[in-house]
Amino acid sequence: MALAPLSESIPYPPPKSDLGIRMASVKMSGLVQLLLCGKVDFTKAAATEIGRRALEPGACDEIYQEGAISVLVDLMLVPNLMLQFHVLKALVNISADPTSSLDVEAAGGLPNLLQLLSHTNSEIVHKSLWVLTHMAAAPDNHEIMRSSGLAPLLVPFLKGSQDPKKSKHLLQALKLTTNLLIGSPSGELQVSLQKCGIIVPLLRLLLTSTDIPTLQQTLDVVRTFIVIDAVVAPFCDSKGLQVILKLLQVNTNNDIVHRLLLVLNQLTTAESLQREVFLSNGLPLLIKFLAHHNPMIKLATMWCIFNLSNLVEAQQAIWNMKALKPLVQLLKTEKGEDEKCVLVGILGNLCQQEIVRQALVHMAAISPIVRLMWGKRYSLETNRNAVAAVRLLVYEPAAVRGVIQLGGVPRLIELIQSSDDRIREYSITALSNMALDELSRSTIIEKGGVSHFLIALEVSSDPYTQYLILAGLNNLLLDKKAQDTVRFSGQLEFIHGLSQEEVGGDPDKEWRQEQAFAVLASFEPREYGVVVPEPVLPPVVSLPPNVDGSLSSESNGSPIIVSELDALDSLMEETAQAPLTKPVPQWSSTTELDAVVIAAPSTDAVVNSESSSSDAATFSEKDIWGADGLDGFMDSMNISVHPPPIQASVAEQSDASASSSSSSVLSESAESDTVVKKSDGSLSEKKVTIKCTWCSDTKLVRVMQSASLESTLSAITAKFMDTPTNIKFKDEDGDWVDLESADDWEYALEVLEATKRRRLDLALSGVRSSAAAASSTAPAVDEDESDGTSVASTSTSAPPPPPPPAPPAPPASSARKGPHLLTKGKGPSVIDISKVKLRTAQPNSPRKLNPHEEAMASIRDGSVQLRKAKMEPKSNRPARKPTTPHGMLMANLMDKLADRRQSIKHDDEKQEEEDFDPDDWS
C-alpha cells in the first residue's frame, strides 16, 4: 500500500472587523493593489482575504492570473513579523493546490522558505515547514527540492525539543520528510538523510514518543526510508528490526500496529531479513495476528507471512504450528480480492513441501485455487499467484485429476499466450508436469496444447522460456498424436536450429539445447532437414576353400572379399572353366545392396575383370554355361525359371560355416536358440550383431549372446576408441530406453528375440575425444567372427565421398529421456531444485503395425513379393547399366533368361488351349 503525499490547509474564521468585512467585497485585482499600497494594516487584511479565498474551488487560478503569488513571495522577507505571519498563512492555503505550489517555486519561494527555517519565531518556522510540505507533494518539485540542500536542515527538527512552542515543528518536519521520501523512489534522498544521521533520531522517537500522531508519522517516515538495501543494512545494524518487533508485542493501538506491520512487510522483502525475522520468533507473532478482527491488520499480516514463506524453514514451521488449516479457511471465506491474492500466494509457496500438497488435496483446497486463475474476474497478480500454486500442486496425481475436472487445462493452455512473462512461465511448467499423467496428457493434446506450445516457441526469444516449452513438448511427445502434430507443423527445423546454437556458458541455453536434442530424438533426422549418411556395413568375411574343401595354399588362408558385381563376374568365370560337378556357391536374393561372399576357386580358375576384358567378346553360351548350354546348367542347378522366393539376407546368414561345400542356412527355430549346431556336428554359441550409432559414425560389433554387459561395453569402447556416457536401445514399441544395468541388457536381448530382428540397434551419446573423432575417419576395420582377426575393408570401386560435417554432438543427457518434472524456476515464490526427475521405462504393450511394417512382414512370410503394390523400394531408382564386358555379357544372358521364361509361359498356355476339348466340358 503506497503512501499519498500529505496536504492540509488552514481554515479561516469569518471576518469580524470592519476592514475584514469590507475586504470581502473587493475584487482580486483590488486585493493585489492593496498588497502593494505600503500600509501594513491594508496589506495584512488583503493577505488574509486572499488566504481565505484560496480555499474556494478554482480561486487559486484567479490568484495566479492577477499576480498575487509573486507579490506574496516577495512579502515573506519583510521585517514586519505580523505581516510575515499572515503572508505565510496565505501561502499555506495557496500551495495546497498542486499547480499553485509549482507557481510558488517558480516565483522564487524555495530560497526564501529555506532562509525562514532559521527564523527565531516558532510560528514563522512552523508556517515555512508547512508551505515546504505542500511544495514537496508536487512531483515536479521533487528534483529541485532534493538538490536545494534541504535534507541536512531537516535532521535537527527530527531530534525534537523540550520547548513546548517548538514541539509542533517535529510533526510538521516528519510530514515534510515523508513527502520528500515519497518523491525519491531511486533512493538518492534516502542515502543523503542516512549520511546526515536520521536513523538514530527516528528510532529514538519510536521508543520514547507517546504521542499517537507523532508515532504514526514516524512510522510513515521509516516505511518510506527503507526502500533500498543501502539504507536497510544500516537501519538493521542500529537494531531497527528488533525495535519494530518489540513494538508489535507491546502496542495495542490498531493504527500503530497496522503501520508496524507495513514496515515489517517492507523489511521482509529482503531474503537476509526474512531469515532474521524468522530467527527472532517473528513468525508465531504474525500467526496470532491472522485472527485479528481488524481487516487492515489481517491483510498486512498476510503479506508478512507471504514474504517469510519463501524460506524452507518457515514453511516447515507453518506446518508444525498447524497454521495451514486457518489459511485454507481464510481463502474460502474472505471476500476481498487482495486477501485472496496474498493467501493463494502463501499456499503456493507452501506447496513446495510434499506434505503440504497432500494436505491441500485432502482439505479440498484445489477448487478455490483453480478458480483464481480466471483473469476476467481477478487481477493479474491474483492470476499469477494462482498459476504458481497450480504448477506445484500438479506434482500430486490427485491434484491433477482435480485440475482436469475443474476445467483448468483449457485455462492453462490459454495462459501460454499471456503477456505476463511469469504467468506464461508458470502455465507452461504446470502443463509440462501434468503431461506426466496419461489422462492429462491426452486432455492437453485434445485441447490444442501442442499447437500453443509450438506458437509460443516460435514467438519467444528468451532461452529459459524456450527451454520450458521444449521440456513440455518432450513430455507430450510420448503420445503419437503429439508427434504427428509436431511433425506436420514445420517447426522441427526451427527446433534443430536451436539445438545447433552456441551455448557460450549460458545455463539457460544449455538447458534449451538439452531439451531440443531430446525432442529431436523422437523423429528421424530427415524429418528436420538433416541428411545422415547411410551406415556402411562391414562386409562378411569367409576363408576361400579349394574344391576338396581345404584351404587354398595359394591364398595362404587370407580371406577374399568381393562386391556384388565382382561376385557375378567371378561366378561367370568359375562356371565357364570349372566342371559342373564342382560345388557352385549359392547366394540369396536380398532387397538391400549387401556384399556377397563366394568361395574363391583355385588360382588358375580365377579371371579378374582386367585380364578378361579383352576376351569377353569371344565368349559363347557354351563357353560360359557348359556343353549343355543355359538349359542344362539350370537343370543341373535346379534353378527354376520362376522368380526365386525372398530368402534371408547375408547379414542373417553370417553365422553359417565358411566352407561352401558344407555351408548350411540356419532355420528360424535354430536361430532363436542360444546354441547352434555346426555342419561338423559341434555346438557353437550364437553371436549377436550390434549396430552402434554415435553421431554420424556407425559401427558393427558382434558378441556372444551370453556375454555380460561389461564385456559388451568394453567391445563398444574398443570399437569407437572412446567411452560413451549414455547408451539407449529400442524396445518392442520402437521407443528408446536407457541401457544402464544387466537387467536392461537381458531385456534388450529378449526384445531382439521377440521381434526377430537381424541386429540390435544402440544409440550412443557423449562428447567424442579428438583421437576418437580422428579414428572415425580411418578405413573401417571389422573382426572376423572365427578367429577375431581384423581386416580393413577394401573395394575396387572409387572411394566414397567424404561424409558431411557432423552436427555438434549432443550432451550426455541429450538423448531422449522422456518426461521430467520442471523444477528450475525464477522469482521469489518459485522452488529452485537442480535435480530433474526422469521418467521410467513405460510398460511394454502390443501396438498396431504401420503399413510399411505390415508389408515387410508379408514379404518375410513369402505371401507378398517385393515388387507388388506400393512396396517397390527400387522403382524410383534408375536402372544400373553395366560398363564392363563381363557385365554387358551377363545383362545379355539375363535378357535371354527372361525371354526363355516368357516363352515357356506362352508354350504352357498354348498347350492348355490345344488340350481343351469342348465336348469334355461338363
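Predicted model: local features only at pLDDT ≥ 70, side-chain atom pairs only at ≥ 80, totals over all residues.

**Helix Packing, Cores and Burial**

Tutor: Thr43, Lys44, Ala47, Thr48, Ile50 and Gly51 in helix 3 meet Met82, Leu83, His86, Val87, Ala90, Asn93 and Ile94 in helix 6. Contact means heavy atoms within 4.5 Å, and helices (H or I, at least four residues) and strands (E, at least two) are DSSP runs numbered from the N terminus. By class, this contact of helix 3 with helix 6 has seven nonpolar, five polar and one charged residues. Ala, Val, Leu, Ile, Met, Phe, Trp, Tyr, Cys and Pro count as nonpolar, Asp, Glu, Lys and Arg as charged, and the others, Gly among them, as polar.

Student: How is a pair of packed helices described?

Tutor: Two packed helices are described by the angle between their axes and the distance between the axes. Axes are lines fitted to C-alpha atoms, for helices over the stretch in contact, and angles run from 0 to 180 degrees between N-to-C directions. The axes of helix 3 (residues 40-53) and helix 6 (residues 81-95) come within 8 Å and cross at roughly 15°. Helix 3 is therefore roughly parallel to helix 6, a term for angles under 35 degrees; over 145 is roughly antiparallel, 65 to 115 roughly perpendicular and the rest oblique. The crossing of helix 3 and helix 6 is left-handed, that is, the near helix is turned anticlockwise from the far one by less than a right angle.

Student: Which residues bring helix 21 and helix 24 together?

Tutor: Leu299, Met302, Trp303, Ile305 and Phe306 in helix 21 are in contact with Asp338, Glu339, Val342, Leu343, Gly345, Ile346 and Asn349 in helix 24. This contact comprises eight nonpolar, two polar and two charged residues. The axes of helix 21 (residues 295-308) and helix 24 (residues 337-350) come within 9 Å, crossing at roughly 25°, so helix 21 is roughly parallel to helix 24. Their crossing is left-handed.

Student: What is to be understood by a nonpolar core?

Tutor: In soluble globular proteins, nonpolar side chains tend to be buried together. A nonpolar core is a set of buried Ala, Val, Leu, Ile, Met, Phe, Trp, Tyr and Cys residues joined through side-chain atoms within 4.5 Å. Buried means under 20% relative accessible area, exposed over 50%, and partly exposed in between (1.4 Å probe, protein chains only). The largest core here has 182 residues, and Leu132 and Leu473 have the most contacts inside it. Apart from it lies another core, of 21 residues, among them Ile690, Val701, Ala707 and Leu739.

Student: Is His496 buried or exposed?

Tutor: His496 counts as buried, with 17% relative accessibility. This residue is found in helix 35 (residues 492-500). Not counting residues up to four places away in sequence, His496 touches Leu520, Tyr528 and Val530.

Student: Where is Pro15 found?

Tutor: Pro15 is found in the segment before helix 1 (18-23). With a relative accessible area of 31%, Pro15 is partly exposed.

Student: How many helices and strands has the chain?

Tutor: The chain has 46 helices and nine strands, and buried residues make up 45% of its 922 residues.

Notes: Residues numbered from 1 in each chain as written. Heavy atoms only, no water.
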